[in-house]
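Please keep the sequence and the structure open while reading.

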Amino acid sequence: MDILIERADGVLSIVLNRPDKKNAITAAMYQEMADGLYEAEKDPTVRVTLLRANGSAFSAGNDLDDFLNDPPKGLDAPVFQFLRRISAFPKPIVAAVPGVAVGIGTTMLLHCDMVYAASTAKFSLPFAQLGLCPEAASSLLLPRTAGYQRAAEKLLTGEAFDVNEAIAMGFVNGALEASELDAYVQNKAKKLAALPASSLRVTKALMKRSQSSEVTARMETEAEQFAQMLIAPEAREAFQAFFEKRKPDFTRFE
Ligand code: COA
C-alpha cells in the first residue's frame, strides 16, 4: 500500500509509503490522502493529523508518469480534492520531512500547522523547470511567508534549498537529526492531542480566517493554468527527458 493510515492516542497519521519511487504521488495516492483527511476531520476521536513518510525522501512530488500519461482532468481530480481538504482542514496538522521534498512535496507543507525536517532535508519547487506553474496556492502563500524576492528565486529557478533556508523562509519550524525526527513529531502530535480540541480548532480557524477564501480562489486559478500547461509540449518534453535521464531541450519553444 502506497499510503498508510495509522491511528494512536488521538493522532491519525497519513504515511507516504512508496520509498522505491521517493514517495512520488500518484492519483490513487492523492485520493487516499484526501479520504484520510476526510476521515480525520469527521472522527471526533481524532484530535491531530500527522503527515509523514517512510524511507529517505518525503516526496518527489507528483508522479511524472501520471503527469505524462494520465494528467488530472478538471477540479474534481484527486490532487485537487487533496489540496482543498488539506487547505481547509480544521484540526492541527504536524508534518515530518525526512529528506527530499519536491513540488507538491514542499507546497503541501504550506498548509500544515507545524513542520519539522531532518537537517539533511532538501526542498525544491521546479515548476518552471518542468514547463509548469505553481500550485497549492503557493504563488500566494510563499511570497507571503518568505517575502517576494526569496519566493521568486525558488519558484522561478526551481533551485533546491536546504532546511536552514526553509526555516528562514518561515515554513519549517525546526531541524532535527534524521534519526530523532519521527519520535519528536510523534511526541509533539501527542501533546497537542491532549489539549482541548475546541481550543485547537478555534485557534486554527481564527488564524486562517482572513486568507481562506483567497487561498481557495488562488488554487482554482492555478489549477486551470496548471492543467493547460501539463498537456503543452514544454511539459511533455520535460517529463520525457526525466524518464530518458537526459536534460530537457526547450530551445524549439517560444
Ligand atoms: N515521478 C515518478 N517517478 C519518480 C519521481 C517522480 N516524481 N521521482 C523519482 N521517481 C523514480 C525514479 O524514476 C526512479 O525510478 P527507477 O528506480 O525505476 O529508475 C526512482 O524514483 C528513484 O529516483 P532517483 O531519481 O533515482 O533518485 P535520486 O535520489 O537520484 O533523486 C529526486 C531523487 C527526487 C531528486 C529525483 O528523483 C527527481 O528529481 N525526481 C523528479 C522530481 C519532480 O520533478 N517532481 C515533480 C514536481 S512538480
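In which sense do strand E7 and E8 pair, and over how many bridges? Strand E7, residues 122–124, pairs with E8 in the antiparallel sense, over two bridges. The model is predicted. The points below take the sheet and then the ligand.

**Sheet**

- E7 and E8 belong to an open sheet of three strands, in the order E5-E7-E8 and with mixed pairing.
- The edges are held by strand E5 (101–102) and strand E8 (161–162); each has a single partner strand, so one side of each has no neighbour in the sheet.
- Phe123 has Phe161, in E8, as its bridge partner.
- Strands of a sheet pair through backbone hydrogen bonds, in a parallel or an antiparallel way.

**Ligand surroundings**

**Polar contacts and burial of the ligand**

- Lys22 places a polar side-chain atom 3.4 Å from an oxygen atom of the ligand.
- Ala60 has a backbone N or O atom 2.8 Å from a nitrogen atom of the ligand.
- A polar backbone atom of Leu64 lies 2.8 Å from a nitrogen atom of the ligand.
- The ligand taken alone exposes 860 Å², and the protein buries 65% of that.

Conventions:
Residues are numbered from 1 along each chain as its sequence is written. This is a predicted model: local features need pLDDT of at least 70, side-chain atom pairs count only at pLDDT 80 or more; totals for chains, interfaces and linings use all residues. Side-chain values use heavy atoms; hydrogens and water are left out. A polar contact is a pair of N or O atoms within 3.5 Å; within protein, one must be able to donate a hydrogen and the other to accept it, and residues adjacent in sequence count only if both atoms are side-chain atoms. Accessible areas come from the Shrake-Rupley method with a 1.4 Å probe; for residues, only the protein chains shown count as cover. Two strands pair if DSSP finds at least two bridges between them. Helices (H or I, at least four residues) and strands (E, at least two) are DSSP runs, numbered from the N terminus.
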